[in-house]
Amino acid sequence: MYRRALLAEEAGEVSKSLAIFEDAVKLDGEYTAEIQEILDNYYEVLGPEDFEKNWTFRLTGDVGFLGLHYEEYGNVAPVSENGGDVFTSIEGFVDLEFGKWVHSIGFAFVADWFISNKEMPVLDTNDWTLAPGFEYLLMNDNMILDLGIDFNMTSGSRMEPSFYGWMEWNIHRFEKQWIGAAGWAYYHEGGPLSLALYGSWHRTVSTGLGGSVYVGVKYEADSLTNYLRYVAQLEEWSREDAELAEKPYEYFMELCTREHGERCEDLKNGLLESYMYPKWNVRLEYAWNRWLGPTMRSDVTYKFKNNLSLEGKLNLFYGFVVDGPSGGYENVQKFSGTWGLLLNWSPNLMTFYFGCEQIYLHYALPKSLLGVYPENSFLTELKVGVRFEY
């Protein structure tokens with residue numbers, strides 16, 4: 001590639017030469033430093049005023065099917081459910097190069113259609129989901145910043161936006177490896193919210209073994225049913241019920257009239273009953289539960305010379321409650337993990353893939369919550385599909 005770029009340069013084909021040099025510098029070798037120096041000179045000469053000649057358009061897509069199996073157990077009635085998800089995504093990016101900096105502005109659209117979801121009442125999926133979104137990336141040789149917003153729409157609720165940001169720095173590079181630091185933030189209206197800081201290691205190769213590992217700490221917040229408060233309200237109502245049963249009808253009418261006047265005389269609006277039967281006002285509420293703990297994200301890829309590659313992933317998080325709906329949640333701990341294996345075949349711009357992924361969640365619960373939440377849950381996904389890149 002180095003020799004091809006020099007020949008193109010000698011022939012006066014500057015754009016072709018630059019494109020080859022940019023591809024070549026990504027493949028670490030004995031000429032990497034020299035190629036980077038040549039590229040730096042190119043960038044300096046071109047300058048930002050020549051950006052019209054330094055933009056590209058990328059289009060990627062993904063169409064596939066997920067076979068879903070969900071199960072939960074542990075101090076609750078065991079659950080086993082099966083279903084499916086037909087999904088598609090498409091992303092388009094415009095990349096603008098200004099010297100060593102690349103600005104990417106993109107639009108994405110993701111859609112899911114769930115099959116047999118009525119047979120999965122515990123997992124509780126929607127009939128369909130749509131998520132158009134916008135994304136901005138800023139990159140150079142040592143840093144990447146990724147910001148985005150998705151507009152999540154489902155068959156069963158209103159539109160809910162989510163925001164995310166990722167930033168990573170290259171601290172030190174050696175041969176085909178480099179180490180760095182990264183930060184992550186995500187927020188979805190109604191939960192979850194997560195913040196994380198990582199140290200990272202990467203190995204990038206054209207063939208052979210490569211991958212990345214992120215190790216750090218994560219803060220996570222999500223809505224949780226405030227079951228203990230619900231039980232406390234029911235117990236309080238039970239005590240009040242015995243006392244209210246002895247009160248005359250006129251007593252409740254007087255209480256209601258003080259606040260609502262003559263409307264209490266209309267027995268169809270339920271005002272009077274709300275005083276006679278306060279249990280009707282007891283509701284299962286949601287509150288924020290906040291976790292903090294160690295986390296790891298990793299993926300390993302082995303690229304063969306025959307367009308085949310094998311990808312493995314392992315993500316782990318162990319969280320301790322730092323703030324919950326009430327004191328009864330202080331001893332709750334959770335472990336979540338995602339692991340999977342994917343086989344890819346890329347004969348051209350298309351990549352066909354097949355694999356399996358599993359999501360596991362375990363709660364360590366105090367006695368007051370045993371039987372309320374399942375201690376273990378598994379979501380197994382069998383994946384098959386095709387990705388394309390233009």
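Me: What makes Y73, Y318, F320, F335, W339, Y360 and F378 a cluster?
Reply: Ring pairs link them. Rings of Phe, Tyr and Trp (its six-membered ring) pair if their centres lie within 6.5 Å. By this rule there are 16 aromatic pairs. Bear in mind that this is a predicted model: local features need pLDDT of at least 70, side-chain atom pairs count only at pLDDT 80 or more, while totals for chains, interfaces and linings use all residues. Residues are numbered from 1 along each chain as its sequence is written, and side-chain values use heavy atoms, with hydrogens and water left out.

Me: Why is the pair of W339 and Y360 called tilted?
Reply: Planes under 30 degrees apart count as stacked, over 60 as edge-to-face and the rest as tilted. For W339 and Y360 the centres are 6.3 Å apart and the planes stand at 35 degrees, so the pair is tilted. W339 lies in strand 12 (residues 333-345) and Y360 in strand 13 (residues 350-364), so the pair ties together parts 21 residues apart in sequence. Strands here are DSSP runs of E, at least two residues long, numbered from the N terminus.

Me: Is Y360 buried or exposed?
Reply: Buried means under 20% relative accessible area, exposed over 50%, partly exposed in between (1.4 Å probe, protein chains only). Y360 has 14%, so Y360 is buried. W339 has 27%, so W339 counts as partly exposed.

Me: Why is the pair of Y363 and Y373 tilted?
Reply: The planes of Y363 and Y373 are at 45 degrees, with centres 6.4 Å apart, so tilted is the label. Y363 is in strand 13, and Y373 is in the loop between strand 13 and strand 14 (376-389), ten residues apart. Y363 is buried at 16%, and Y373 is buried at 12%.

Me: What makes strand 9 and strand 10 a pair?
Reply: Two strands pair if DSSP finds at least two bridges between them. Strand 9 (residues 208-225) and strand 10 (residues 286-303) have 18, in the antiparallel sense. S223 has W288 in strand 10 as its bridge partner. Strand 10 is also joined to strand 11 (residues 308-323) by twelve bridges, again antiparallel.

Conventions. Helices (H or I, at least four residues) and strands (E, at least two) are DSSP runs, numbered from the N terminus.
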